[in-house]
Amino acid sequence: MNILLPFASRQVWLFATLLLTTNLIHADDSKKMLRIVTTVPPITNIVENIGGTLVTVSGIVPNGTDSHTFEPVPSDARTLAHADIIFVNGMSLEVPTIRLAEKVRKSNTPIVRLANETLPEEEWQYDFSFPKEQGNPNPHLWPNIALTIRYAEIVRDRLAEHDSRHADSYVSNASAYISKLERLDQAIFACIETIPENNRKLVTYHDSFAYFAPRYGMEVIAAIQPASFTEPGPRDIVHIIEQIRREKIPAIFGSEVFPSKIMEQIARESGARFVDELSDDELPEKPNHSFIGMMVNNIVIMTEALGGNPACVSHVDVSNLIDSVAG
Ligand SMILES: [Zn+2]
């Protein structure tokens, strides 16, 4: 049939066929590119680093949003419906998002609960902000870098399992990323050691350092935010002020995601300095726009305020493995 076509038409035909073939190859490639959906920014950032250029990652919880009370919007349903793997923290952190994911996901798309897979139930922590009676454990595992490394390993294994063609790349990205996490972990130990022993105590508003503190030799004296996410009652406040005075705690910590007038009052009356800058899931602006950068910022703030020397984190590389991650 081609023989009957004039030369120019044959050229066009050939070109169209080539174009079609190229498109098919591309369509086939993008089909094989894993679509990953995540929730909080630290998890999004971990998956971006390990997935590299081989996956697309959509984080549902926007940076700087309260992840505990976050409700997904209709466009999130579409995003979740297209996912090949959904990585969440779990331990009751993103309940409305997980419920929606269960409803709309493809039948073979797993929902991977990183916290639940990292810690056996007997090691889950409950406290004032996350009381056992309500059955919601403290979900903030990731400030403890040994546990973050476990998150990274789970992400690596799931990506390699779903996209075995690129398993080697996921393994090598993960090993480079885990080396960075190990250097961060060592730096945190070194910084905390510079804080006078009597000051290695945390009073925070939001209760996000419950797994961090025991690893690095600190003690959470009090977390002020009640389980209802409202403000604490007057009796609790008086009790906390007395405790801060008694223990001579130099600084107490809040975060921008949870502004609290009560913390200012507690600081004024206890004589402690109020530092309103810790972050458990909001990644900082560039150049520290990464999970590692967020932890470096936290350590600098915490160490300085408690009388230590934060120089030990200055050599930590906060960059992501690929540039495009930093958006
Ligand atoms: Zn939190």
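Q: Is strand 7 enclosed or open, judged by how many of its residues are buried?
A: A residue is buried if 20 or more other C-beta atoms, placed from the backbone, lie within 10 Å of its own, exposed if 12 or fewer, and partly exposed in between. Helices (H or I, at least four residues) and strands (E, at least two) are DSSP runs numbered from the N terminus. Five of the five residues of strand 7 are buried, so the strand is largely enclosed by the rest of the structure. Ala251, Phe253 and Ser255 point one way, whereas Ile252 and Gly254 point the other way. This is a predicted model: local features need pLDDT of at least 70 and side-chain atom pairs count only at pLDDT 80 or more, while totals for chains, interfaces and linings use all residues. Residues are numbered from 1 along each chain as its sequence is written.

Q: How many bridges join strand 7 to strand 8?
A: Two strands pair if DSSP finds at least two bridges between them. Here four bridges join strands 7 and 8, which run parallel. Phe253, for instance, has Val275 of strand 8 as its bridge partner. From strand 7 the chain crosses through helix 10 to strand 8, and this β-α-β crossover is right-handed (with the strands pointing away from the viewer, the path from the first strand over the helix to the second runs clockwise).

Q: Which residues of helix 10 are buried?
A: In helix 10 (residues 261–270), the buried residues are Met263, Ile266, Ala267 and Ser270. They lie on the same side of helix 10 because they cover an arc of only 100° around the axis, the arc being that of the directions from the helix axis to the C-beta atoms. The face turned away from that buried side carries the exposed Lys261 and Arg268. Cover for the buried residues includes helix 9 (234–247), strand 7 (251–255) and strand 8 (273–278), where contact means C-beta atoms, placed from the backbone, within 7 Å. Gly271, with a positive phi near 85°, follows helix 10.

Q: Which residues have the most contacts inside the largest nonpolar core?
A: A nonpolar core is a set of buried Ala, Val, Leu, Ile, Met, Phe, Trp, Tyr and Cys residues joined through C-beta atoms within 7 Å. The largest one has 82 residues, and those with the most contacts inside it are Ile50, Ile86, Phe87, Ala152 and Ile252. Helix 7 (residues 167–194) contributes the largest share of this core, ten residues.

How values were computed. Contact = placed C-beta atoms within 7 Å.
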